Amino acid sequence: MRIEYNFAFFDEGSKREIRRATLKAVAIPGYQVPFASREMPIARGWGTGGLQLTLSLVGKEDILKVIDQGSDESVNAVNIKKLIIKTTGIKVTDETSEATIIQSRHRIPEIPLQAGQILVLQVPLPEPLRYYEPSELETKKLHAEQEYSGAWLMLFEQIMNYGTMSTGADHPAMVHDRYVMAPSPIPRFDNPKLNHSQALILLGAGREKKVYAVPPYTRVESLAFEDFSFEVESFQDKCCGLCGAKGVFLDEILDDLTGETFHQCNDTSYCLQRLNQKSAG
Amino acid sequence: MGYVAVKGGIQAIEESIKRLKYERLKKGTVLDSQQIEGGMRCLIDQVMSESSLYCETLTAMAIKQAEGSPEEAVFLLRAYRSTLPRKHYSRTVQSEEMLVERRISSSFKEIPGGQILGAAMDYTHRLIDFDLNKETDDEAIKWVCEYALESGVDNDQTNLSNLPKTLDYLREEGLISTCEINYDEPDDVTKESLHFPTSRSQRLQILTRGQTGAVTSLGYAALRSYGALHPTVGELRIGNLPIYVDSPFLEQNEDGDAYYIGEIKVTEVETLFPEEIQKGNGEKEIEFDIGYGICYGQNETKAIAMSILDRCLEAANPEYPIHNEEFVLLHIDSVESTGFISHLKLPHYVTFQSKLDSVRKTKK
């Protein structure tokens, strides 16, 4: 194989610089560490933050999995994988348990992560306070002073207006009783997986030039009230139309022919694995 | 099942990339990137400026690959730039040393060294020249030779590499306050991300690599209504600046030790803004403030708009969005804005499903 660029695209100095920012992020869970985000061969907003983290960490022995909105084969996941393979030649996998580094856009896999694995989440908007404060200078102060009443008020107003917290994905979470963090737009369903995760979770925002982290066994609580608890998306009694799984995040799919709605596992590799097990057993 | 079928994504992408190549080549002609370099000077200048990479040959290749899309060409060059280690820093460039090709001032009819129109589209009628359709290489070469002979006759003795700055005249009269030269090491926005409030060096770097259209539009907004500034162009000059780097082998570099590594063409603009000055005794005076614009190549609109934005960000009047540094600096980068806008084409069905769940709950 002919590799035209340096191993993992960047020169070693650039990788080291990203790792330094990452170490700081691990040392201060939930704190957004600025870094000199480079322009990448994929577009800003298409996972350049996650990609830079992955490239700075990846070694020849690593096994990589990339998913986009739950799917290993979605266009963007394929594209990112292609670039990493081209510049490193490392092995890739669809299986969650086999991977050492998992780069993901907006999902945490259904199969629980293990100690030693690294989950890299792509983040479009790292600032959880941006909804009510457009200025970066101001949000930096709010974090420094641990002044989060705006975040609580936002949820309170939602409850007053709609009778429920109307956050979709990206429901803000408190990291280790200190920083409020945008969990990247993972669905609320995945928020609890951040809490006391065995794997290291790194979050990278390329366009916004920030890195932050949830180190293993860190307390992560989704913001909620004592008398109004946090709720994940509910799929009631629905199950996956392919593998029959329940209690997983499901995609709602409209059948063109019958006009009926059915559900399927959003985590495609999880679904496939279950189907394979079934046919083997 | 759309573009996220459980399997088959890889193949679909390969086919899409093939289709793209087909679109580029289907008319049966291959564009020579030397032709782009020869005939698309303005596009090359614009792309180099937005890319922060000065190389006409590479830019021509990027434009070819991007099928002429400036945002795509800038994207290619910026990504390439990321792989280049920074080996040297140049010496500070003094813009007085520019070998001037064009230089105008709208503040004074006569300026020391004179007005030099140089090459500009300003004085043409925007009528499509249908004869260009029949232009041949032979004719072009003949014309260029004739032109060279004709302009060689010119016996003008003006030293074009050391023209005085128009603004120096106003400075001598005390109409512009003099300022000390700032010897601080400039911040480098490509090595450390912006932090607010920004330094002027950070602002100028972000403005000069800003997307031409974005810089122009925001500059126009400041000019037309949001602040309603009306600056006067003190001086606009275009020409080549020599670049020197210190010898890496010497501990101490004297003046003569630097290496000349080439020259870059730039557009430089200094605009004047009348500003009220409070005197100690309650009296007021009016002085001129300066806005500064500079960019690679010949791109006069962008450089002038940049000088307006530079002034706006210095004034930082909280009444106007164009005076807000976060509003301006975080939104004018071509790669960032086009990247984030285009990411909306990515699948969002997890996030959408999550929102759908909330919306359904509010309906209960």
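The model is predicted, so local features require pLDDT of at least 70 and side-chain atom pairs count only at pLDDT 80 or more, whereas totals for chains, interfaces and linings use all residues. Residues are numbered from 1 along each chain as its sequence is written, chains are lettered from A and ligands numbered from 1 in the order in which they are written, and side-chain values use heavy atoms, with hydrogens and water left out.

**The interface**

Begin by displaying chain A and chain B together. The contact (heavy atoms within 4.5 Å) involves 61 residues of chain A and 48 residues of chain B. About 4600 Å² is buried between the chains, with carbon and sulfur atoms giving 57%; buried area is the accessible area (1.4 Å probe) that two parts lose on being put together, summed over both. Next select B:Ser82, B:Leu346 and B:Val350, which in chain B lose the most area to chain A, together 12% of what that side buries.

Polar pairing comes next. Between chain B and chain A, 29 residue pairs are in polar contact, both at pLDDT 80 or more. A polar contact is a pair of N or O atoms within 3.5 Å; within protein, one must be able to donate a hydrogen and the other to accept it, and residues adjacent in sequence count only if both atoms are side-chain atoms.

Now colour α1 (9-25), α5 (70-81), α12 (334-342) and α13 (349-363) of chain B, each of which supplies at least two residues of the side touching chain A. Helices (H or I, at least four residues) and strands (E, at least two) are DSSP runs, numbered from the N terminus. The largest share of that side, 12 residues, comes from α13(B).

The interface also holds eight salt bridges, each a side-chain nitrogen of Lys or Arg within 4 Å of a carboxyl oxygen of Asp or Glu. Select B:Lys361 and A:Glu231: the closest N and O atoms of this salt bridge are 3.2 Å apart.

**The cavities**

A search of the whole structure finds four cavities of 30 Å³ or more. On a 1 Å grid over the protein atoms alone, a cavity is a set of points where a 1.4 Å probe fits but cannot get out, and lining residues have an atom within 4 Å of a point. Grid points are joined across faces, edges and corners, and a volume is the space filled by probe spheres set on the points.

For the largest cavity, of about 110 Å³, select A:Gly45, A:Trp46, A:Gly47, A:Val123 and A:Pro124, which lie nearest its centre among 16 lining residues. Both α2 (48-57) and β8 (200-205) of chain A give two or more residues to this lining, and α2(A) gives the most, with three.

**Two backbone details**

Move to B:Pro197, in the loop between α7 (166-172) and α8 (200-208) of chain B. The peptide bond from B:Phe196 to B:Pro197 is cis, with omega near -5°.

Finally, select A:Ser184, in the loop between β7 (179-181) and α6 (191-194) of chain A. Phi of A:Ser184 is near 60°, a positive value in a residue other than glycine.

Definitions and conventions:
1 Å grid on protein atoms, 1.4 Å probe; cavity = no way out; pocket = protein on both sides within 12 Å on 5 of 7 lines; lining within 4 Å.
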